[in-house]
Amino acid sequence: MVRLSMCSSGKYSLRGPALIPRMKTKHRIYYITLFSVVLLGLIATGMFQFWPHSIESTADWSLDRRSMHDAPLIQLPVSNPIPERGDLSCRMHTCFDVYRCGYNPKNRIKVYIYPLQRFVDEGGVPISSTGLSREYNDLLSTISDSEFYTDDVTRACLFVPSIDVLNQNSLRIRETAQALAMLPRWDKGMNHLLFNMLPGGPPDYNTALDVPRDRALLAGGGFSTWTYRQGYDVSIPVYSPLSADVELPERHHHRPQRFTLPRRYFILSSQTAIHREYRAELERLKEENGEALLLLDKCSNLSQGVASARKRCYKGQVFDYPQILQESSFCVVLRGARLGQATLSDVLQAGCVPIILADSYILPFSEVLDWKRASVVIPEEKLPEMYTILKSIPHRQVEEMQRQACWFWDAYFSSMKAIGMTTLQIINDRIYPYAARTYEQWNNPPVVKWSSVNSPLFLPLIPPRSPGFTAVVLTYDRIESLFRVITEISKVPSLAKLLVVWNNQNKSPPEDSLWPKIAAPLKVVRTKENKLSNRFFPYDEIETEAVLAIDDDIIMLTSDELQFGYEVRERIPYRLVGYPGRLHLWDHEMGKWKYESEWTNEVSMVLTGAAFYHKYFNYLYTYKMPGDIKNWVDAHMNCEDIAINFLVANITGKAPIKVTPRKKFKCPECTAIDGLSLDQTHMVERSECINKFASVFGTMPLKVVEHRADPVLYKDDFPEKLKSFPNIGSL
Amino acid sequence: MQARKKYVLLGLCACCWLLLFYWGGGVQVRLLKLLGQQRGDVVRPWPDWTDRVLLPGYAQLEELQTGPGSAESPRQRHQAWTGIYKDSRCRMETCFDFTRCRRRGRDGFRVYVYPSEKGERGSESYRKILTSIGESRYYTTDPREACLFVLGIDTLDRDQLSGQFVPNLDDRIKGYPLWNEGRNHLIFNLYSGTWPNYTEDLGFNIGQAILAKASLNTEHFRPGFDVSIPLFSKDHPQKGGERGWLVRNTVPPRRKYLLMFKGKRYLTGIGSDTRNALHHIHNGKDIVSLTTCRHGKDWEKHKDARCDHDNLEYERFDYQELLHNSTFCLVPRGRRLGSFRFLESLQAACIPVLLSNGWELPFSDVIQWNQAVIEGDERLLLQVPSTVHAVGHERVLALRQRTQMLWDAYFSSVDKIVLTTLEIIKDRVFSHVSRNKYMWNALPGGLLVLPEYSTHLAHFPFYYLSLGVSPGQEFTAIIHAVSPLVSQSQPIMKLLQVVSKSKYCSQIIILWNSEKPLPPRSKWPPMPVPLTVTDGRRKTSSRFLPNVAIETEAVLSLDEDTVLLTSEVNFAFLVWMSFPERIVGYPPRSHFWDPVKNAWGYTSKWTNEYSIVLTGAAFYHRYYHYLFSHYLPPSLRALVDRTSNCEDILMNFLVSAVTHLPPIKVAQRKQYKELPSPQTVRLAPWANPEHFAQRQECVNSFASWFGYMPLVHSQFRLDPLLFKDQVSVLRKKYKDLERA
């Protein structure tokens with residue numbers, strides 16, 4: 001339409017000067033008008049020509065404009081060799097040349113794509129009735145855009161032919177095989193990857209591609225356990241082109257309750273080519289259980305022009321497909337002549353839990369996906385029991401399965417891109433198993449990934465013997481107080497080492513002879529800068545798992561209290577265990593977090609003026625602290641304790657443990673501002689810290705609890721001298 | 001005039017241009033393409049075909065949806081399959097008779113062991129395997145109800161040169177009336193083949209039997225049918241088993257040595273290629289790879305130039321010392337694919353680096369090995385040092401903890417190995433009621449997760465954090481009633497009032513275990529929450545029956561004479577929310593080792609530590625009811641019922657065995673039970689000295705069933721934050737707890 005209007009305006013301007021020839025004085029104006037119109041026309045035409053292109057690749061709009069018809073035509077001589085049929089005993093260590101992949105710091109395989117060629121036999125008949133399909137083209141573009149791609153054939157680890165074998169029906173098997181063997185790097189199919197979605201042909205429909213392919217890896221849709229070479233082939237979904245056309249309305253509401261809404265039907269069967277024996281079985285189930293089941297079939301009397309693939313019928317009632325799938329909790333995916341069904345993709349997209357009835361079928365990407373959390377696999381023989389089996393699944397579990405099904409579709413089924421990338425990632429994980437993605441990465445939907453906690457320290461270990469702890473005292477120049485603290489701590493039985501972090505660059509620590517004489521080894525580390533984060537540095541000198549962070553003015557803790565705190569940490573090893581507790585509160589008026597230091601019934605933080613924790617948290621604090629928190633703390637000389645509370649709570653998902661009763665501390669949190677009493681500005685600053693950190697973490701990781709840990713016999717009516725920790729809680 | 005000509009000419013020119021653009025797009029495209037080809041090949045290797053929109057779909061929608069209808073009837077197909085797919089192509093669908101396992105759940109999965117013939121002397125290991133099956137909850141003595149059969153003949157060592165080799169197996173097996181071509185049979189094997197090739201040959205035809213074999217090769221492994229088991233020595237403990245060696249997660253996680261190997265080098269024959277090359281990576285510093293030629297009788301015949309030097313170097317290091325002090329341990333294949341070394345390094349928390357191409361790893365169906373070991377490639381031995389160097393701290397920590405988790409869950413005893421094998425097969429038979437991969441790979445491991453209870457992760461106490469959910473904010477109180485209902489002032493009435501007042505209480509169940517019949521509904525006071533009374537049939541173990549009426553995750557188990565305050569209940573429940581996998585209760589008890597009696601002792605004295613909290617008043621997850629009734633053997637439950645005692649100790653054993661953690665005691669006022677008035681002393685069982693002696697015995701018999709002492713001591717209790725602090729009572733949320 002744009003082009004038409006341009007053209008007419010051109011004609012108009014052409015006629016323009018002829019109509020007004022005598023107006024000599026005005027000829028200049030017409031000259032200009034004409035010129036500009038022509039120019040406009042030119043630009044508009046040009047733009048039109050390149051419009052679609054510039055949308056897709058903004059990088060370079062004059063990229064390549066090749067047509068497939070320009071691909072070289074290759075004639076296959078009849079006598080060309082045919083590769084051997086696939087070898088069923090192939091495994092990565094026997095049929096795959098791992099030297100091609102080599103050691104690689106990025107742990108990523110390199111994939112090469114053969115340039116497009118059109119193969120014809122001697123009679124000039126192409127080897128495939130369709131040639132390159134849209135889906136295969138999408139797949140190859142994806143690979144070529146991905147980080148796996150290399151155009152250097154000598155560096156490639158995996159080769160992908162440009163011969164489209166997605167659908168065996170459109171192939172001439174012998175000729176396709178010959179074409180494969182002609183590929184320059186074929187070498188018995190070593191390290192070649194073929195993608196196939198519809199394998200087999202009539203009458204018995206093999207479950208793997210029939211094209212002889214030597215040792216090539218096969219990414220196939222519809223493998224059975226007999227054709228699937230575990231750890232070698234990759235089972236992929238049968239892509240459903242419907243998903244590209246249809247937007248399912250339910251999916252677009254990103255509502256959390258999307259899966260909790262009751263669905264109209266319990267079981268839905270939407271496939272049209274169900275064997276009559278199974279259909280009879282389903283009918284019988286429907287008779288028994290009535291409205292909960294919906295059995296759809298092909299529509300027999302659709303008006304012209306309506307795509308029958310988009311409609312399903314039940315007793316004359318017409319339903320839209322695949323929209324109707326969203327109305328059911330479970331959807332039947334029965335095998336047809338082939339094991340892999342495109343319906344599976346539609347069903348997942350609709351968030352309907354697939355009931356898979358296909359004995360011996362290798363589910364798509366089953367190497368990494370945990371299908372038990374997203375589907376119900378029932379042996380075909382048990383079809384009559386289907387209803388009872390499904391009824392026994394609790395409602396909450398069905399909701400979770402629906403969410404899981406949706407996630408599988410989003411991440412692994414939704415496009416040829418998703419399918420291709422997943423396949424390559426699986427092969428990559430096999431070649432670099434030590435860098436493989438984890439179960440959680442593959443299977444947890446983003447919601448769960450976001451809200452769940454998978455602490456890197458997960459194994460509950462309670463050491464049989466006490467290895468002791470290292471006390472880390474951060475000090476600046478309060479020598480007298482420091483020495484008192486050292487003397488006090490040295491009385492704690494489990495002290496293994498004392499580490500003084502000397503944070504004063506202008507003054508040297510006192511001479512060795514002046515330090516208190518204590519039994520445990522004492523080391524002094526001098527820091528380069530006066531930073532608060534020096535307290536949490538993972539010093540090599542710390543050889544124990546347990547660390548006690550203590551300020552140089554905390555002299556009020558008894559050795560019983562410290563020893564008890566240590567024992568608690570040994571029993572609850574991956575938490576912060578500290579003495580004075582603090583709380584964060586939501587200030588409704590201000591609409592933000594507030595810091596609370598009053599004695600309350602709740603606790604969400606412990607101060608690190610005196611706290612036990614695992615040395616691992618020192619690593620996290622120093623190297624893994626999110627955002628700019630670490631620098632922020634150093635710049636403000638405050639809130640390092642709040643920061644580590646955030647860090648530990650975020651990684652463990654749990655609250656810290658406050659030990660022993662209330663104690664009068666000499667304002668333990670004001671060491672940074674040098675003994676000033678707890679003033680208002682200090683509180684405001686601490687509140688700011690909480691708000692700042694919560695925004696960096698993107699969430700509030702702190703957990704609130706109402707308990708603290710005391711010795712078993714604390715304040716019990718029991719002789720004090722028989723108690724393990726008698727000297728606790730005295731003010 | 002001239003001007004007009006000019007205009008006309010110009011106009012024509014313009015028109016031509018436009019026409020050129022309009023009609024001659026092709027020329028232009030071709031022109032641009034010439035440009036594009038030079039640049040495009042670099043930027044975008046797979047071109048954006050200009051005619052891409054014209055590409056056909058790979059299949060018509062109709063073709064995809066309707067597909068070719070299968071002419072073959074499913075029944076026919078199934079029959080055809082059983083004919084084709086047998087022996088080496090066996091799968092559960094074709095070689096396993098599901099009809100033998102008809103009944104649901106545990107009842108459907110019974111294992112029968114053939115009686116061993118007189119004079120038969122099986123190996124120590126096979127005897128252990130049979131004992132494990134015999135003591136498992138799946139064992140049956142009746143072959144008619146069996147789903148799975150295990151031979152009485154020792155099939156572990158099928159090396160003809162071995163002393164344990166049993167000849168003429170084929171003939172003997174065929175004589176069994178139940179053999180049925182091996183259908184539903186499970187055959188255990190550790191060694192197959194013999195010198196020099198050590199093939200997978202067992203020396204007899206196993207037919208359709210499931211093979212549980214060590215060192216299985218992926219090529220011979222029938223996926224979804226066979227089970228790969230680890231190679232274990234004859235000294236492997238029957239039950240319990242040693243814990244892993246990791247006692248603390250030190251950081252940085254690297255140990256003195258990075259990688260170690262100490263073992264034989266085969267000079268000739270299968271497996272020698274890999275072992276002969278191992279010395280290449282030895283650097284004497286962080287990588288220690290030692291081989292000796294000294295093995296077998298005639299090693300000196302084959303000895304090569306390296307041998308003497310290597311043998312000397314070999315003696316310099318101690319294997320155990322290396323095992324303790326190495327981050328990674330090489331586990332190369334021996335003559336066969338698996339080796340003892342694998343379990344040894346797993347236990348030692350020395351991350352195994354496998355060099356055994358084609359080995360189907362133990363229990364590979366369910367265990368995700370890439371999270372616990374480094375799977376190397378024999379062909380890339382020289383890359384191993386750089387690979388292990390590149391493994392980061394975080395990953396080492398994770399891998400190491402995972403080795404311990406797997407060791408403890410599946411490998412530390414013969415019992416665990418055998419049970420895991422059985423559970424894997426059971427999961428296949430009842431595939432729709434089976435564990436998912438997460439249950440197998442997360443703590444506490446698949447054996448402690450019973451899928452008949454639920455297959456939903458959120459129904460278990462172990463996965464809350466990893467799912468990002470928290471347990472429900474309600475609990476069910478179960479009151480164990482033994483005395484008849486006589487007055488409205490008896491303890492149980494008070495207790496009902498107290499518990500029902502808690503805002504977290506959603507229902508109360510009274511378990512009526514009295515000798516008197518169930519009192520009518522009207523005898524019970526009106527309650528703000530639903531009250532159910534069920535008959536416990538006077539069995540002590542019934543208090544832990546998985547009652548379907550329990551709708552909440554948390555259970556508060558109570559004795560009828562327990563004295564509690566509502567605030568005590570509330571506080572304990574909030575603590576439980578923080579520790580949902582543990583028992584949270586009030587009165588503590590402790591166990592100790594009595595060196596005089598050489599046995600475990602039990603004490604109810606006040607001590608500074610505890611390892612048990614009584615379930616007369618305790619919160620725990622309802623899943624433990626299910627485990628108590630279905631995981632523990634009937635013999636232990638019978639002991640509890642016979643003595644009407646120890647059920648609380650057993651529950652503590654169970655939960656600690658699952659979590660490896662102590663229970664949690666919370667703050668409580670002085671008295672826990674009503675002081676016994678003179679006339680009830682007779683009735684109160686816990687005041688009886690015999691009762692106490694029984695409990696000592698219980699602790700010992702439970703420990704012997706578990707194979708070790710699962711109880712763990714703890715020294716702290718959890719109190720409310722301001723408990724007995726010198727602050728105003730008005731500030732305290734749980735002030736009631738401080739009233740004496």
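In helix α15(A), the residues Ser481(A), Leu482(A), Phe483(A), Val485(A), Ile486(A) and Ile489(A) are buried, where buried means under 20% relative accessible area, exposed over 50% and partly exposed in between, with a 1.4 Å probe and protein chains only. Helices (H or I, at least four residues) and strands (E, at least two) are DSSP runs numbered from the N terminus. The buried residues of α15(A) pack against β15, β16, β17 (522-526), β18 and α16 (559-571) of chain A, a contact being heavy atoms within 4.5 Å.

This is a predicted model, in which local features need pLDDT of at least 70 and side-chain atom pairs count only at pLDDT 80 or more, while totals for chains, interfaces and linings use all residues. Residues are numbered from 1 along each chain as its sequence is written, chains are lettered from A and ligands numbered from 1 in the order in which they are written, and side-chain values use heavy atoms, with hydrogens and water left out.

Strand β15 (residues 469-475) of chain A is largely enclosed by the rest of the structure, because 7 of its 7 residues are buried. Phe469(A), Ala471(A), Val473(A) and Thr475(A) point one way from β15(A), whereas Thr470(A), Val472(A) and Leu474(A) point the other way, and all are buried. Together with helix α15 (residues 479-489) and β16(A), β15(A) makes a right-handed β-α-β unit; right-handed means that, with the strands pointing away from the viewer, the path from the first strand over the helix to the second runs clockwise.

The table lists strand pairs from both chains, two strands being paired if DSSP finds at least two bridges between them.

| Strand pair | Sense | Bridges |
|---|---|---|
| β15(A) and β16(A) (residues 495-502) | parallel | 7 bridges |
| β15(A) and β18(A) (residues 546-551) | parallel | 6 bridges |
| β20(A) (residues 581-587) and β21(A) (residues 592-596) | antiparallel | 5 bridges |
| β10(B) (residues 351-355) and β11(B) | parallel | 2 bridges |

Within these pairs, Phe469(A) stands opposite Leu495(A) in β16(A), and the bridge partner of Val473(A) in β18(A) is Ile550(A). Leu585(A) stands opposite Lys594(A) in β21(A); β20(A) and β21(A) form a hairpin with 4 residues between them, and Gly591(A) in the turn has a positive phi of about 70°.

In chain B, an open sheet of 5 strands has the order β8-β7-β9-β10-β11, with parallel pairing. Its edge strands are β8 (287-292) and β11 (374-375) of chain B, each of which pairs on one side only. Leu354(B) stands opposite Glu375(B) in β11(B).

Taken as a whole, chain A has 20 helices and 25 strands, and buried residues make up 61% of its 731 residues.

How many residues of chain A are in contact with chain B? The contact involves 172 residues of chain A and 145 residues of chain B. The two chains bury about 14,800 Å² between them, 57% of it on carbon and sulfur atoms, buried area being the accessible area (1.4 Å probe) that two parts lose on being put together, summed over both. Arg66(A), Trp226(A) and Val712(A) supply 6% of the area that chain A buries against chain B, more than any other three residues.

Between chain A and chain B the count is 7 salt bridges, each a side-chain nitrogen of Lys or Arg within 4 Å of a carboxyl oxygen of Asp or Glu. Glu394(B) forms a salt bridge with Lys624(A), the closest N and O atoms being 3.1 Å apart.
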